[in-house]
Amino acid sequence: MSDPLLIWSYLAQGPLVWLTATLVAYLIGDACFRAANRKSWANPVLVAVILLAVLLIGTGTDYATYFEGAQFVHFMLGPATVALGLPLYDNLPRVRKAALPMIAGLLAGSVTAIVSALLIARAFGITGSVLASLAPKSTTAPVAIGISERIGGQPTLTAALVLLTGIFGAIIVTPMLNAMRIRDWRARGFAIGVAAHGIGTARAFQINQTAGAFSGIGMGLNAVLTAIIAPIVLSLFG
Amino acid sequence: MSRAAALPLPGPVVGMLLLVATCITRPRLADRIRPTTSGLLSHLSLFFVPAGVGIIAHWQLLRSDGLGIAAAVMISTILAIAAGALAFTWVARMTGSEEPDALKDQGHE
């Protein structure tokens, strides 16, 4: 058993190899992000997903096999979402003061995300379950999957679209809001949380604690609002 | 628990709100769990990786409808960020709830 190849073939049968691969891919992604001087285009999630996708296709492994190993990491999404409560608690006085701006930002961001996505997709001739899968794309993954199931979408497609939205939002947000001259950390964080859920929130925490806290709130509130309005908006497109 | 109460809220969001409520009633708890939560949050990105790899299961669809989907995702994300940030700052200005110490220094991140 001292032969490294034998050890590898043993490991490859167990779920641990994909858990390890996920962690290593993330470490590489994180290293790229640091090496690129924390520029937003070197998003660690994007780098890790590309590396793993290439690895899976290269080794002919299907997604179900991979997920069996990586589900331990996926499971941590829940506790991490709960942990967002602490920065929210730390910023509570600020949150109370900003209640009205937050309601305005939430309504504007959430409705814009759903309606514009459906309008554009329909203009490209996309209909049916793909359209339904697209509607909750700005909400955090576990919630979006639930909404998608309820309105006739494909849950796994929704998960992928949620990720694309998050990564794109995290990449675009800093240059975009700088160009718009939005300097309020609360507005910057809140907007990215509403539009690009947890990945946007992760990005916000990399830059500023206040932005991160408001982003977490935006994400939480949008999860609730989208659950209510996505079925209504979709029925208008039906 | 969220399922039992038939709430429209997902479980993790309920958990987040419960954590805030608990910290308000027991402020000392917040300091005790802070090392754990900041550790979790500093690697928040990592937990999205497995779901992200799921994109390979939809390769066919992305090849046929990829352009429309990409346009919908990108443009609507840009519009949503802009709408959210503008609405927030406008209302903050109107209601006088701006905070000078929450402003970003222009020029560096």
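Leaving aside neighbours within four places in sequence, with which residues is A:Ala104 in contact? In this predicted model, the partners of A:Ala104 are B:Ala87, B:Phe88 and B:Val91. A:Ala104 itself sits in helix H8 of chain A, which spans residues 99-123. The residue has 22 other C-beta atoms within 10 Å, and the cut-off for burial is 20 or more, so A:Ala104 is buried. A:Ser116 lies 12 residues from A:Ala104 in sequence. In space, the C-alpha atoms of A:Ala104 and A:Ser116 are 18 Å apart.

The contact between the two chains involves 100 residues from chain A and 65 residues from chain B. On the side of chain A that touches chain B, 71 residues are nonpolar, 22 are polar and 7 are charged. Chain B contains 4 helices and 0 strands. From the N terminus, its elements follow the order α-α-α-α. Chain B has 109 residues, of which 37% count as buried.

Within chain A, helix H11 (residues 155-179) packs against helix H12 (residues 185-207). The angle is about 130 degrees, and the axes of H11(A) and H12(A) are 8 Å apart. H11(A) contributes A:Val162, A:Thr165, A:Gly166, A:Ile167, A:Gly169, A:Ala170, A:Val173 and A:Leu177 to the contact. From H12(A), the contacting residues include A:Arg188, A:Ile192, A:Ala195, A:Ala196 and A:His197. A:Gly198, A:Ile199, A:Gly200 and A:Arg203 of H12(A) also take part. By class, the residues of this contact divide into 9 nonpolar, 6 polar and 2 charged.

Backbone geometry was examined next. Most residues other than glycine have a negative phi. A:Arg181 is not a glycine, yet has a positive phi of about 60 degrees. A:Arg181 belongs to the loop between H11 and H12 of chain A. It has 9 C-beta neighbours inside 10 Å; 12 or fewer count as exposed, so A:Arg181 is exposed.

A:His197, also not a glycine, has a positive phi near 35 degrees. A:His197 is located in helix H12 of chain A and is one of the residues that make the contact of H12(A) with H11(A). A:His197 counts as buried because 34 C-beta neighbours lie inside 10 Å.

Notes. Residues are numbered from 1 along each chain as its sequence is written. Chains are lettered from A and ligands numbered from 1 in the order in which they are written. This is a predicted model: local features need pLDDT of at least 70, side-chain atom pairs count only at pLDDT 80 or more; totals for chains, interfaces and linings use all residues. Helices (H or I, at least four residues) and strands (E, at least two) are DSSP runs, numbered from the N terminus. Two residues are in contact if their C-beta atoms, placed from the backbone, lie within 7 Å. Ala, Val, Leu, Ile, Met, Phe, Trp, Tyr, Cys and Pro count as nonpolar, Asp, Glu, Lys and Arg as charged, and the others, Gly among them, as polar. Axes are lines fitted to C-alpha atoms, for helices over the stretch in contact, and angles run from 0 to 180 degrees between N-to-C directions.
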